[in-house]
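Hi,

Here is the structure I promised to pass on. Have a look at it first, and then read on for what turned up.

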Amino acid sequence: MKAKPTATHVHLETFGCQMNEYDSELVRSLMKQDGFVFTDDRERADVILMNTCAIRENAHNKVYKHLSELRKLKQQRPLVVGVLGCMAQNLKEELTDVQPLIDVLAGPDAYRQLPMLIRNAMLSQEEGLDQKGFAVDLSEYETYHDVIPDRLDGVNAWIAVMRGCDNFCSFCVVPYTRGRERSRDPEGIVQEARRIAEQGFKQITLLGQNVNSYRYGDWDFAKLITAVADVPGIERVRFTSPHPKDFPPSLLEAVASHPHICKQIHLPLQSGSDRLLGLMNRTYTNKEYRALVDRIRTLRSDIVLSTDVICGFCGESDEEFSETYRLVEELRFHSAFIFKYSERKHTIAARRFPDDVSEPIKTERVTRLFNLQRNISYERNREYLKTTVPVLVEGNAKRSAEQGMGKSDGNITVIWNKRAISSQPGDIVSLAIYDASSTTLYAESPPVHESSAPRPPQNHFGKLRSKTEHF
Ligand code: 5AD
Ligand code: SF4
């Protein structure tokens with residue numbers, strides 16, 4: 001009798017944003033259809049894939065570090081190594097020259113070819129050849145509309161409603177790694193939302209590099225998010241990210257009035273200086289951004305706002321940084337992701353403007369802004385003391401299985417003692433807040449192992465940053 005061929009085991013690691021997490025779900029789906037089996041155990045894998053991010057240098061360095069760890073594994077046994085996503089796209093020449101251990105490169109629009117590329121690489125290894133498989137072309141049409149993502153269990157499901165970006169912010173590599181903007185068919189999205197609800201997910205996060213420019217026939221993003229939020233069983237719908245330049249009133253109306261659309265908006269600011277906003281090609285001014293925030297808060301004062309800021313962009317003077325600092329101070333976001341400018345190859349900024357703010361000055365500015373925002377976040381979170389907050393239960397807190405963890409409507413983490421409050425993942429429970437740090441609300445009774453004394457602002461931003469980036 002012929003021995004049954006053993007399955008090929010694949011280990012997939014994901015770096016970067018939510019869009020990459022979503023893409024990994026597409027990759028798992030496409031590869032499982034082709035007979036591949038996924039494993040969490042790197043040691044057991046015949047194929048190791050890394051879905052990569054190219055947005056800043058540190059994301060890039062992380063991938064290089066992982067690659068060099070694989071060198072040893074590859075010397076010990078037959079192994080196919082694949083780099084997927086934005087780095088594969090952007091650094092195709094460099095990655096293959098520098099890292100001969102890579103067998104397969106597949107950019108964000110090439111995942112359908114991945115099973116074939118991997119099988120070819122395996123065959124080539126068996127034959128003692130070392131042929132590489134590359135698929136890095138960008139597409140104007142690929143939306144993977146017919147691929148059902150292989151989602152992990154949980155309360156949240158992502159749907160990418162569009163791919164690519166046409167904004168060409170001068171610092172940003174995304175238009176080069178993910179290509180032109182294209183919107184996915186809304187009927188398919190709503191159908192997928194229904195399936196997601198039937199599977200028991202309670203929350204959907206709609207993803208796109210700039211959701212405001214979603215267009216499909218007569219559908220815009222406001223119409224789409226309303227249709228998704230109307231799907232029975234879906235309790236919460238979030239989206240990320242809109243661009244401040246073309247925030248449609250209809251979307252604001254939908255956020256303000258639909259009971260299932262979360263009262264939360266991530267609105268990347270980047271800088272408070274008009275000169276820098278111009279150089280960044282953001283196409284709004286400090287005044288216009290403030291007017292938008294004002295409009296949002298006038299409509300509903302309970303909308304939770306978060307933002308992204310870049311410090312040390314090309315030519316940023318002390319005074320220009322101060323404009324950003326003062327704007328962040330004035331607008332009092334609930335949270336902010338604060339980044340040092342990191343020059344990326346191919347971008348407009350890399351081609352036109354010198355990266356001339358020194359590293360120590362970038363660090364100093366990031367630290368100052370970070371400290372300011374940490375205090376604001378602390379004060380903002382303490383506004384919830386003695387109020388009752390509806391919380392979507394996600395599971396256990398990271399630090400202790402005795403604590404439950406969930407999110408408020410505004411996406412703020414809430415933690416409680418499970419002995420005092422019993423709940424299941426997916427429940428929405430009303431919890432009274434008795435304490436708050438700059439990142440967390442504490443509900444009802446003191447968490448096990450911790451004192452109930454009000455805690456000072458804590459530095460958790462690093463952790464949060466990687467969790468909630470918008471691409
Ligand atoms: N350097 C630093 N931060 C960047 N971002 C995008 N590109 C860069 C870069 N080259 C930040 C922006 C964006 C967030 C997701 O990442 O603030 O909104
Ligand atoms: Fe597009 Fe966002 Fe990058 Fe600007 S920052 S180019 S909107 S992905």
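A quick definition before the findings: a salt bridge here is a side-chain nitrogen of Lys or Arg within 4 Å of a carboxyl oxygen of Asp or Glu. Going through the whole structure with that in hand turns up 31 of them. Please keep in mind that this is a predicted model. As background, side chains of opposite charge can pair when their charged atoms come close.

Let me start with Asp103 and Lys74, whose side chains form a salt bridge with an N to O distance of 2.8 Å. This pair links distant parts of the chain, 29 residues apart: Asp103 is in the loop between helix H4 (92–98) and strand S5 (104–106), while Lys74 belongs to helix H2 (residues 57–76). Is Asp103 buried or exposed? Its relative accessibility is 1%, so Asp103 counts as buried, the cut-off being under 20%.

Next up is Asp302 with Arg300, another salt bridge, where the closest N and O atoms are 2.8 Å apart. Asp302 is partly exposed at 40% relative accessible area, and Arg300 is also partly exposed, at 28%.

Then there's Arg419 and Glu402, which meet through their side chains at 3.0 Å, N to O. Arg419 is exposed, with 68% relative accessible area, whereas Glu402 is partly exposed at 33%. Elsewhere, Glu13, Arg42, Lys65 and Glu69 are joined into one network by salt bridges that share partners.

On the H7 side the contact is made by Pro186, Ile189, Val190 and Ala193, and on the H8 side by Leu224, Ala227 and Val228. Sorted by type, the residues of this contact come out as seven nonpolar, no polar and no charged.

That's what I have for now.

Cheers

Terms used
Residues are numbered from 1 along each chain as its sequence is written. Chains are lettered from A and ligands numbered from 1 in the order in which they are written. This is a predicted model: local features need pLDDT of at least 70, side-chain atom pairs count only at pLDDT 80 or more; totals for chains, interfaces and linings use all residues. Side-chain values use heavy atoms; hydrogens and water are left out. Contact means heavy atoms within 4.5 Å. Helices (H or I, at least four residues) and strands (E, at least two) are DSSP runs, numbered from the N terminus. Ala, Val, Leu, Ile, Met, Phe, Trp, Tyr, Cys and Pro count as nonpolar, Asp, Glu, Lys and Arg as charged, and the others, Gly among them, as polar. Buried means under 20% relative accessible area, exposed over 50%, partly exposed in between (1.4 Å probe, protein chains only).
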